[in-house]
Amino acid sequence: MAGNTKISGRLPVARIKRPKSLAETVLHQLRESIVHGDLTLGQPLSERQLADDLGVSKTPVREALAQLRAEGLVLIYPQRGAFVFTLSAREVHQICEFRSAVETAALRLAIARGPDGFAAELEDIVRGMAAAQRQGDRRLYLSLDTRYHAAFFEHCGNSYLRDSYARYVGKIAALRTHLAGKPLHTKLSFQEHRQMLDTIRRGDADATIAVLDIHIGRTRETYSNGIEDIAAADKGIPEAS
């Protein structure tokens, strides 16, 4: 009988996405502002001013700053407050060493486990980067540059590598933004993205990694040659807490 009919199974509808909490929204906004250079390296951060600018209380701002500190994007000094991160020459070299280690490992795995799908995604990203260059949209270009390298980890099939990189991707992206003011660096960087795509299409991991070594190595040298631009940490700023 109709009255005894039982309804089983799942509703044929998409799950409703949970909206971001206020703290998550503030965190995203501040992270993006640092990554894209709206908040500059070494800039002091006032909880009260940020709360006023964002139209929120100080509590979600304080929570966001604590998370950004864990990500390395914010430094907190006793008795002085919070600042957007800045790096010494030694730290820049360490970040480049970190990138070389994890990106090389992720690349080898991604090429071995699915070069066709990996290359297809990178091809879409490179196409978008070229369009962003033509349009003079530096912010979009840099976002796609970050996506290009993140794709190594999305396709490598190793969550430990992916999570290790994710912890520092914001800082790496912010440094990438800083270097974008050097036109020759950006031009060479884009050429290397295309070269890596070509070697990935061929399934040639060794050739891809050789280009990656040049790519990251030149980043390290560019910072070393103009380190005064960012290394306030070399000028006697005390240790962060």
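**Entry 1: helix α6**

I started with helix α6 and listed its buried residues: Tyr141, Leu142, Leu144, Asp145, Thr146, Tyr148, His149, Ala150, Ala151, Phe152 and Phe153. Buried here means under 20% relative accessible area, exposed over 50%, and partly exposed in between, with a 1.4 Å probe and protein chains only. Helices are DSSP runs of H or I with at least four residues, strands are runs of E with at least two, and both are numbered from the N terminus.

I note for the record that this is a predicted model, in which local features need pLDDT of at least 70 and side-chain atom pairs count only at pLDDT 80 or more, while totals for chains, interfaces and linings use all residues. Residues are numbered from 1 along each chain as its sequence is written, and side-chain values use heavy atoms, with hydrogens and water left out.

Next I checked the span of α6.

**Entry 2**

I traced an open sheet of 3 strands in the order β1-β3-β2, with antiparallel pairing. β1 (44-45) and β2 (74-77) are at the edges with a single partner strand each, so one side of each has no neighbour in the sheet. Two strands count as paired if DSSP finds at least two bridges between them.

β1 pairs with β3 (residues 81-84) over 2 bridges, and Leu45 has Ala82 as its bridge partner in β3. Between β2 and β3 I found 4 bridges, again antiparallel; Val74 stands opposite Val84 there. The β2 and β3 hairpin has 3 residues between the strands, and Gln79 takes a positive phi near 65°.

**Entry 3: cavity and pocket**

Which residues lie nearest the centre of the largest cavity? I got Arg99, Arg176, Leu179, His185 and Thr219, out of 20 lining residues. Elements giving two or more residues to this lining are α4 (89-113), α6, α7, α8 (183-201) and α9 (205-225). By class, the lining has 10 nonpolar, 7 polar and 3 charged residues. The space inside is about 210 Å³, and the search of the whole structure finds 1 cavity of 30 Å³ or more.

My terms: on a 1 Å grid over the protein atoms alone, a cavity is a set of points where a 1.4 Å probe fits but cannot get out; a pocket is an open set with protein on both sides within 12 Å along at least five of seven lines; lining residues have an atom within 4 Å of a point. Grid points are joined across faces, edges and corners, and a volume is the space filled by probe spheres set on the points. Ala, Val, Leu, Ile, Met, Phe, Trp, Tyr, Cys and Pro count as nonpolar, Asp, Glu, Lys and Arg as charged, and the others, Gly among them, as polar.

The second largest pocket holds about 420 Å³. Of its 19 lining residues, Glu32, Thr146, Val169, Gly170 and Ala173 are closest to the centre. α1 (22-35), α6 (138-154) and α7 (159-179) each give two or more residues to that lining, which divides into 8 nonpolar, 5 polar and 6 charged.

I counted 0 disulfides, taking one as a pair of cysteine sulfur atoms within 2.5 Å. Cys96 is buried at 3% relative accessible area, and Cys156 is buried at 0%.
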